[in-house]
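Hi,

Here is the structure I promised to pass on. Have a look at it first, and my notes follow below.

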Amino acid sequence: FVDEITGASSLVMDPNNPRILFAGTWQLEIHTWGRESGGPGSGIFTSRDGGDTWTRITGNGLPELPFGKVALAIAPTNSNRIYALIETGDGVPWHDQDTESGELWRSDDGGENWTLVSHDRQLAGRTHYYSRVEVAPDNEHEAFFLSASFSRTLDGGVTTIDSQGRASPWGDNHDIWIDPLAPDRMAVANDGAWT
């Protein structure tokens with residue numbers, strides 16, 4: 001059994017202009033014994049006309065070699081700030097081919113140019129189960145990363161803080177909701193059991 005899928009792994013809309021969309025696609029090949037993530041079907045695309053037409057974004061700081069799953073987030077307070085959590089091979093050859101290294105890229109000009117801001121593998125471990133980034137509604141520099149751990153940045157991704165204790169009551173974090181009117185109030189969905 002082999003099933004090859006290329007689909008959207010992330011779709012975000014500019015909160016200040018709903019005609020501007022960004023989509024991350026993910027090429028995934030599933031076998032009974034495992035999976036292979038990444039290839040030419042993975043990418044970042046943008047639409048400036050509400051989704052009628054799409055353009056692949058390449059170069060300008062994004063990985064040049066094939067990559068895997070992509071998670072995207074746009075800052076509500078500044079829609080020029082876009083985060084892209086990209087599954088790379090961390091520089092380890094895959095099928096005798098070189099791979100990129102890095103985890104988090106950031107654009108500060110609406111997706112025209114990108115900068116690799118972090119190599120922290122904690123941000124996107126086990127990407128096929130989870131890989132999510134969400135920006136605080138009131139601060140473009142504060143973002144949250146959901147994977148086996150729950151971490152955040154206060155400086156646009158340059159450094160990250162691994163949350164512990166009450167701030168991260170369990171592991172295997174899959175989703176997050178942040179109250180847009182009271183950003184200190186949030187809910188994180190994970191595999192934990194409450195007693």
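Asp179 counts as buried, because its relative accessibility is 10% and the cut-off for buried is under 20%. Its side chain meets that of Arg185 in a salt bridge, at 2.7 Å from N to O. Keep in mind, here and below, that this is a predicted model.

Another one joins Arg132 and Glu134, whose closest N and O atoms are 2.8 Å apart. Here Arg132 counts as partly exposed, at 23% relative accessibility, and Glu134 is also partly exposed, at 25%.

Then there is Arg48, which forms a salt bridge with Glu112; the closest N and O atoms are 4.0 Å apart. What does this pair tie together? Arg48 sits in the loop between strand E4 (43-47) and strand E5 (55-57), while Glu112 is in the loop between strand E8 (104-107) and strand E9 (115-118), so the bridge links parts that are 64 residues apart in sequence. Arg48 is partly exposed at 42% relative accessibility, and Glu112 is partly exposed at 46%.

You'll also find a network of salt bridges, which links Arg81, Arg106, Asp108 and Glu140.

Now for the inside. In soluble globular proteins, nonpolar side chains tend to be buried together. In this model the largest nonpolar core has 15 residues, and those with the most contacts inside it are Phe22, Ile44, Leu62, Leu72, Ala84, Ile86 and Trp114. Strand E6 (70-75) and strand E7 (78-86) each supply at least two residues of this core. There is also a second, separate core of 13 residues, with Ala73, Leu104, Val117 and Ala143 among them.

Leaving aside neighbours within four places in sequence, Leu62 is in contact with Ile44, Ile57, Ile86, Trp105 and Trp114.

Is Val70 buried or exposed? At 1% relative accessibility, Val70 counts as buried. If you skip residues up to four places away in sequence, Val70 touches Ser9, Ser10, Gly24, Thr25, Gly43, Ile44, Leu85 and Ile86. Leu28 is 42 residues from Val70 along the chain, and their C-alpha atoms are separated by 12 Å.

Cheers

Technical notes: Residues are numbered from 1 along each chain as its sequence is written. This is a predicted model: local features need pLDDT of at least 70, side-chain atom pairs count only at pLDDT 80 or more; totals for chains, interfaces and linings use all residues. Side-chain values use heavy atoms; hydrogens and water are left out. A nonpolar core is a set of buried Ala, Val, Leu, Ile, Met, Phe, Trp, Tyr and Cys residues joined through side-chain atoms within 4.5 Å. Buried means under 20% relative accessible area, exposed over 50%, partly exposed in between (1.4 Å probe, protein chains only). Helices (H or I, at least four residues) and strands (E, at least two) are DSSP runs, numbered from the N terminus. Contact means heavy atoms within 4.5 Å.
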